[in-house]
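I opened this entry to look up a few things in the structure and write down what I found. The structure comes first, my notes after it.

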Amino acid sequence: MIIINQDPPVKLGYSEAVAMVMIFIGSKAFLGYPRFLVDLGLNAAWLLVFISILISILFWLVIVSLLNRFPGKSLMEINQIVLGSFLGLVVNMISLLYIIISTSNLLRIFSDAVIITALPHAPISAMVILFVIAMWIAAYLGLEAISRNAYISLPFIIIGVTAVLLMLYPFWDIKELFPVMGIGPARLLFNSFLNISAFGEILLLGFLAPYFSFDGTKLKNIGIFSIASVGFYFLFITITYLMVIPLPSALESLTPFYQLSRSIYLGRYYQRLESVFIFFWIYTAFLRLSIGLILAAIVTRESLKIPYYRPLLPALIVIFFSLALTPAQFVTAISIEKYRMWFGWIFTFLIPTGIWVVALIRRKDETSG
Amino acid sequence: MILDKLKKNIIRYFTFHEKLKVEGFVLSGAVPGKKDTKKQSPKKEESKNKETKDGRRMKKKPQRVKREKTQQEENGAETKISSPFENLLVDPELKVNKEYINEIYFLPKNKDVIIRDFIIQLDGPKRAFAVFVEGISDRNTVNENVLKPLMLHSGLQEKINAIDVAEYLKTQIVYGNQTDVHDKYQDIIPQINYGSTAVFIEGVPRCLIVETKGWDRRSIGKSETEQVIRGPHEAFNETLRSNTGLLRKAIRNHNLITEFSKIGARNETDVAIMYLIDLANPNLVEEVKRRLKSISTDYVGESGILEQFIEDHPFMPIPQVLVTERPDRTTSFIMDGKVAVLLDGNPNVLIVPADLFSLLHSPEDYYLRMPYGNMVRLLRVIAVFIALITPALYVGVTIFHQEMIPTDLILAIAAGRETVPFPTIVEVFFMEFAFEMIREAGVRVPGVIGNTLGIVGALILGQAAVQAGIVSPILIIVVALTGLASFAIPNYSMSFAFRGIRFIFTGLAAIFGFFGITAGLFILLNGITSMKSFGVPLLAPIGPRTKSGPDIVMRGPVWSMEERPDFLDTQDRRRQPNVSRGWIKEESSNKSGGDDNN
């Protein structure tokens, strides 16, 4: 079946793709992710990140191999080619559900994080509304605009994060990283596998494959580069977090990155810099959520063969808004996020791998499409 | 009725509608097929000839001037408004021609149009009359170049064909440097309207047109809105021909093309586009011409109006056309492969496509040495951010984020605000509006009072407001800083855009603090990244990333700007070779024994 895509043509370059994926994966570092890592790996959390990067790259190579069997086709189309239109649609809907739930939960967590860090007396709905309006406008303006925005702002975000981490240098205590193996090699390896969900957002490249102006080899490199560089920052943040905040407190912080920026003290005049860093991480949140929204819209459009994505936005916005406000408390949202981190890899890595296996067995490739 | 309309509008705004035909234009490097133009041109020529032949036959039955009828037709017609003398031909009878002219120009009611009767000594005396418009035709030129030769020097002995008389006068008698012969009124009248003199001769079905333009005009003066210390000071003026002349004087290249067209049906205004034919992307030139041609309106009087007709996103605050009054700046853009659009009667030239970074550049950035130029640019980038978010930051800090500033400073702010009875946002809006009013009044007020206005506004209003306890002293600093910063933005439209946006940011900061400002910045940047100017993304070359020389926010040394911006897709990408300073190459080759790296 031919998709009649009547939206304006979109072509994304190498740099825009990298920036978008890096922000899509990396934004969780501003939320509870460092704490989640410490939860999983205690003192060896940084080692856990390292192992997760390697496992994620392996999975990515499998996904790229699947994508390269069908050049220029998105994961949604590939699913339908490989599994047939009904099963393919079911898988696509599962992916869509995962995207919607993960993004709306992140929307809730980001909104709560804004309340904790910047606006303690504000109602949660007001925060969610502003997020949702900005997401709507950004998604309406299109993928090109969001990706360029990501590319332009990424250097500033990286500079901001690096500055926070380096400014904590006086508090680094290398002893906190020991014992090196932390919870023991076997558990470390198992938990590292669980943690690959953190890199599951790399699947964005698969969903948006038709929009890229480069070939499969570059796509592979972009994926590896993005996982490695975001992983490096996860590593950097985790190591700093472990070295600066003592382990018992590190297990309890709701917003570890904010706590890190609060800890900066470079003399009397440079001690309250957290408000400045609010700009960086909130900006990242806007980008992350907008990418999530437009991705949900594009997945829906391509799965259901709808000519435009823009009419879907109001409906998706309402769904996001309602789901974000569904958890009764912030803690509930955090535990949902925890479950997502534990089982997210099933949706992001296992299903595409399964489809790759089916494609291999059924010898499906571009000619059969 | 009204309710239905309202309901329809509300539904229209809140529901999705398919765009019918999006005339999206993306600038690409492809050279348009020359075949098409070749194919078209002979056809056009043919049809032109046919018209003339038909016209010649029609001349035996002269038409009346169809003024009333045409106007009635116009009322119902959506197409271009036709002139009342369309297809009207010059009559061999002088009397008929005079009637036509009387009717077209409402003579003798209209006192501007002068008809001068005289006699030309051809084979025998031939009666003739000259028509010109007082005020836009130069009196001396009409006397010396038209009347004098025709009346004095036309003592002819040879016999000539009646139709060729005009041609004969044009080639041998009249001195005018631009003369022409026409037989259609639709070609003659616009020329009379633009200062030329038309000569009608008894028994000759053609009219001699002599260029006699000459009106009072401003001489080329100093640039007033884009002043520089280093660099040329001359600016465009209101005369199209002077402006094209200024550019041609600067670009002495046979490839510089000036194409003229007319815009406006009731009052045709000349518009010229200038570009380098061997450099500018032909697709871009075609697109500019297409947009200009497609404009169907009564009158376009100012380049600002023309800008609004051709821009891509009319509702966005950021301008998409660069406007300049400096010939040197226009020259550099044309040399980059952009297209300049000049409108008659306007000292402002439109440059397309525009990118956000050139809107923030000043010509002086290039004239100054690289370190100074960069210093000025850095200052300007900071100024943009100050103009955009300082009041918002102040509001955010005082309402929500007091903890972010050092204790001493927050105490000072708190002490200053202690006597102020209004909430921060009210005092900020009050002062910002006052500042905007001073600025607006400064532009509108007569020059004599203007000087005092600044003092009244700045000193008395600010000082008095603080003393009266209406605003806090720190706010005065914030407002003054914001105002200064907005003056540092070189582009007038850009300055307007940021001034407007800062109010939105301030409002967002009052409701959501830094979260609101971040939301504002996010939406703004998304808006800008989605914009295009004549097929070129406004944020090129960084959004999307394209190849570009070292001249985006900061600039490198002039000798390192080897290539033109990639996003313009010019026919020749290279501005200069990798080693543009030959003397360095010579020195190094002398040392290394003549190795050529270029």
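**Nonpolar cores**

I looked up the largest nonpolar core: of its 221 residues, A:V21, A:A45, A:F131, A:L204, A:A297, B:A340 and B:V341 touch the most other members. Such a core is a set of buried Ala, Val, Leu, Ile, Met, Phe, Trp, Tyr and Cys residues joined through C-beta atoms within 7 Å. Buried stands for 20 or more other C-beta atoms within 10 Å of a residue's own, with C-beta atoms placed from the backbone. Helix α13 (residues 274–304) of chain A gives the most to this core, 18 residues; helices are DSSP runs (H or I, at least four residues), numbered from the N terminus. Domain 2 (240–366) and domain 3 (369–530) of chain B both contribute, so the core lies between them; the bounds come from an automatic or database domain assignment.

The model is predicted: local features need pLDDT of at least 70, side-chain atom pairs count only at pLDDT 80 or more, and totals for chains, interfaces and linings use all residues. Residues are numbered from 1 along each chain as its sequence is written, with chains lettered from A and ligands numbered from 1 in the order in which they are written.

**Contact between the chains**

I noted 31 residues from chain A and 27 residues from chain B in the contact, where two residues count if their C-beta atoms, placed from the backbone, lie within 7 Å. On the side of chain A that touches chain B, α7(A) gives the most, with 7 residues.

Conventions: Buried ≥ 20, exposed ≤ 12 C-beta atoms within 10 Å, placed from the backbone. Helix = DSSP H or I, 4+ residues; strand = E, 2+ residues; numbered from the N terminus.
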